[in-house]
Amino acid sequence: MKFVCIIPARYSSTRFPGKPLAVLGGKLVVQRVYEQVNSVLNDVYVATDDQRIFDAVIRFGGKAIMTSPNHKSGTDRINEAVNKLDDTFDVVVNVQGDEPFIHTSQIKTICQCFDDKDTSIATLGRLFTAKDSLADLENPNSPKLICDNKGFAMYFSRSVIPFVRGVDKVYWLNNFNYLKHIGLYAYRTQTLSEITKLPQSSLEIAESLEQLRWLQNGYKIKVGITNAETIGIDTPQDLAQAEDFLSHHHNE
């Protein structure tokens, strides 16, 4: 199968304008994302609506595609970028431009999900461990997911799912293998084209999670399991934490 990775990267951000061009450990954030993915996949592009990001990617030797500034989601931006490519691909991998610690193992895992012919969309989950706290589990900015017995997603939520009845919630992590959603996606090219035409769904609007639109419309999402943790960068404070993480944990 032929895989291509598209990295959507916007300059405008309410909490951290210009974050793809922020410097982390001597490199741009978007450059770190690009290099991690490019170590696994040959075809990697940054999709952006900003000339500054486009120029920066070209300067560090990457490939970039200019896209419309009017897209409502990264998925729409990725679909436009794929349609602008001269080549055709079976699967499109979506890695966010603010995930500089994406692991090569995670990229390989999500690609392997397509060994299953029933997989049209794939994403990743990580088991909560003893190192995680109840606050981590309850954090609404860290969506949880549950899977069926064949490894396909049943639901994603900002709430804790499932509720463990009859057990004090301080012990929930000891009583169920909770899954944290890791926001890495891949789609068969035809599926990507289809889902960008779907209107917002009621569950998506309620939880503000785009993947619920796909589930609510009957698409199956295969979930690969990863043990690797990543740190997304949403604020300048996150960047400071990422510098510390880089110096102590990250494998180049």
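Helix α1 (residues 29–38) is largely enclosed by the rest of the structure, because eight of its ten residues are buried. Buried here means under 20% relative accessible area; exposed means over 50%, and partly exposed lies in between (1.4 Å probe, protein chains only). Helices (H or I, at least four residues) and strands (E, at least two) are DSSP runs, numbered from the N terminus. The model is predicted: local features need pLDDT of at least 70, side-chain atom pairs count only at pLDDT 80 or more, and totals for chains, interfaces and linings use all residues. Residues are numbered from 1 along each chain as its sequence is written, and side-chain values use heavy atoms, with hydrogens and water left out.

The buried residues of α1 are Val29, Val30, Gln31, Arg32, Val33, Tyr34, Gln36 and Val37. Their cover includes the strands β1 (3–9), β2 (23–24), β3 (27–28) and β4 (44–48). Helices α4 and α10 also contribute to this cover. Contact means heavy atoms within 4.5 Å.

Aromatic rings were examined next. The whole structure holds eight aromatic pairs. Rings of Phe, Tyr and Trp (its six-membered ring) pair if their centres lie within 6.5 Å; planes under 30 degrees apart count as stacked, over 60 as edge-to-face and the rest as tilted. Phenylalanine 101 and phenylalanine 245 form an edge-to-face pair, because their ring centres are 4.7 Å apart and their planes stand at 70 degrees. This pair joins distant parts of the chain, 144 residues apart. Phenylalanine 101 lies in the loop between β6 (91–94) and α4 (104–112), and phenylalanine 245 in helix α10 (residues 236–248). Phenylalanine 101 is buried, at a relative accessible area of 0%. Phenylalanine 245 is buried too, at 16%.

Tyrosine 185 and tryptophan 214 are also edge-to-face, because their ring centres lie 5.3 Å apart with planes at 80 degrees. Here the link spans 29 residues, from strand β10 (residues 179–188) to helix α9 (residues 211–216). Both tyrosine 185 and tryptophan 214 are buried. Ring pairs connect Tyr185, Tyr187 and Trp214 into a cluster.

Two charges sit over rings. The rule requires NZ of Lys or CZ of Arg within 6 Å of the ring centre and within 35 degrees of the ring normal. The charged end of lysine 2 sits over the ring of phenylalanine 89, 5.0 Å from its centre. Arginine 52 lies over the face of tyrosine 11, at 3.6 Å from the ring centre.

Two loop residues were also examined. Valine 164, in the loop between β9 (153–157) and α6 (172–175), is buried, with a relative accessible area of 13%. Beyond its neighbours within four places in sequence, valine 164 is in contact with Trp172, Asn175, Phe176 and Tyr178. The C-alpha atoms of valine 164 and phenylalanine 176 are separated by 7.8 Å, although the two residues are twelve apart along the chain. Threonine 235 lies in the loop between β11 (221–225) and α10. Threonine 235 is buried, with a relative accessible area of 15%.
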